[in-house]
Amino acid sequence: MKPIYLDYNATTPIAPSVQEAMLPFMAEYFASPQATYAGARAVEESLEDARGQVAFLLGGVSDEVIFTASGTESCNLAIKGVMLSALPNVEKAHLIISKVEHAAVRQSARFVKQLGFEVTQLEVDRQGLVDPATLAAAIRPSTKLVSIALANDQTGVIQPIRQLAEVCHRQGVLLHTDACQAAGKIPVNAKQLGADLLSISAHKFYGPKGAAALLVREGVSLVPLVHGGGNERSLRAGTENAMAWVGMGAAANLVGKCLDESRARLETLRDRLQNQLFAAIHAGLILHGCRAPRLPNTLSVNFPDVSAVDLLRRVPEIQAHTQASYDTFRGGTSKVLAAMGLTTPETEGTIRLSLGWYTSEEEIDRAVDLLVHAWESCRQR
């Protein structure tokens, strides 16, 4: 039987039109855009078109978009690039993140802390939200940057970034937001959010892997992490990955055109999945972040009295992610769920079900039947 893919927050398939846009750059348009001959200029123009498409999706301008190879690199460039600009005066630069950030942000924070910078990790409430008042209390005269994700990859919870940005800007502090999970699912406008730096990743919205971007507001200075030529405003040396970045531009253009329609459809499917699971399992099922704004495609649920790993082993047709496997990839406790105050049993029984463009109603109904049957089987063991 055809697998039911419910792991769109991990990665998405490349859309057919995006594949078509990328194909010419595998062979015909292979020249380095740094050269001056006609073939190189064609590649350069295509890259600038892609830059414009990404900027349009994010409510920015082309000159603000820096291409990178991954969302992880983009977050690293934002955090390290800002903090390292304070060297050698580490005592004058303080970083704030939350306890529910992606590993790319947490590990970047850990790195700068090892260099001597001070780092604060903000607590979140039971829904996984950062309170603007908590952020305001944590900001110091030395605070240089705050990095809070727009949407959490595990729970789908959407942070009040605009309010957090207002807190930051009142005290002259920059805000970076990791929007990798949000872009392509909900509107992401850097100016409206008040984000000074914003990260996205193409393979989260039907583009290729190996393509991402950091939007850097005009006037924000960064120290490059990769040194060499003057590529990407001298912030990322190395020959341009034209095929991947053109693909990202095509994907940005595609998701931007159908954002409202896609969001409405995914919300309907997510609620169908949620309601059917609750009807079958009743009060024992726990939905994480249920009282907070959430991504339209994401459902993080705890199946009571079972191990999520054991449950999914009984339904190999379903491709989804257990929350216990986060951060270690070999089993362990999700730092996000732990920060939200969940107990170990609640974490161990949690599965993230994330939907996408190619999810159908029939797949949702079949997934519910399979999951409920597997849950009942696990409890009878």
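## Exercises on cavities and backbone angles

In this predicted model, the largest cavity holds about 70 Å³ of space.

**Exercise 1.** State which residues are closest to the centre of the largest cavity, and how its lining divides by class.

*Solution.* Step one: 13 residues line this cavity, and those closest to its centre are Gly184, Lys185, Lys204, Tyr206 and Leu266. Step two: sorted by class, the lining has 6 nonpolar, 5 polar and 2 charged residues.

**Exercise 2.** Locate Tyr206 and Glu232, give the phi of each, and decide whether each is buried or exposed.

*Solution.* Step one: Tyr206 sits in the loop between β7 (197-201) and β8 (212-216), and its phi is near 70°. Step two: Glu232 belongs to helix α8 (residues 231-234), with phi near 50°. Step three: most residues other than glycine have a negative phi. Step four: buried means under 20% relative accessible area. Tyr206 has 5% relative accessibility, so Tyr206 counts as buried. Glu232 has 7%, so Glu232 is buried.

**Exercise 3.** Identify the residues joined by a cis peptide bond, and place Pro88 in the chain.

*Solution.* Step one: the cis bond joins Leu87 and Pro88, with omega about 5°. Step two: Pro88 lies in the loop between α3 (71-84) and β3 (94-98).

How values were computed: Residues are numbered from 1 along each chain as its sequence is written. This is a predicted model: local features need pLDDT of at least 70, side-chain atom pairs count only at pLDDT 80 or more; totals for chains, interfaces and linings use all residues. Side-chain values use heavy atoms; hydrogens and water are left out. On a 1 Å grid over the protein atoms alone, a cavity is a set of points where a 1.4 Å probe fits but cannot get out, and a pocket is an open set with protein on both sides within 12 Å along at least five of seven lines; lining residues have an atom within 4 Å of a point. Grid points are joined across faces, edges and corners, and a volume is the space filled by probe spheres set on the points. Ala, Val, Leu, Ile, Met, Phe, Trp, Tyr, Cys and Pro count as nonpolar, Asp, Glu, Lys and Arg as charged, and the others, Gly among them, as polar. Helices (H or I, at least four residues) and strands (E, at least two) are DSSP runs, numbered from the N terminus. Buried means under 20% relative accessible area, exposed over 50%, partly exposed in between (1.4 Å probe, protein chains only).
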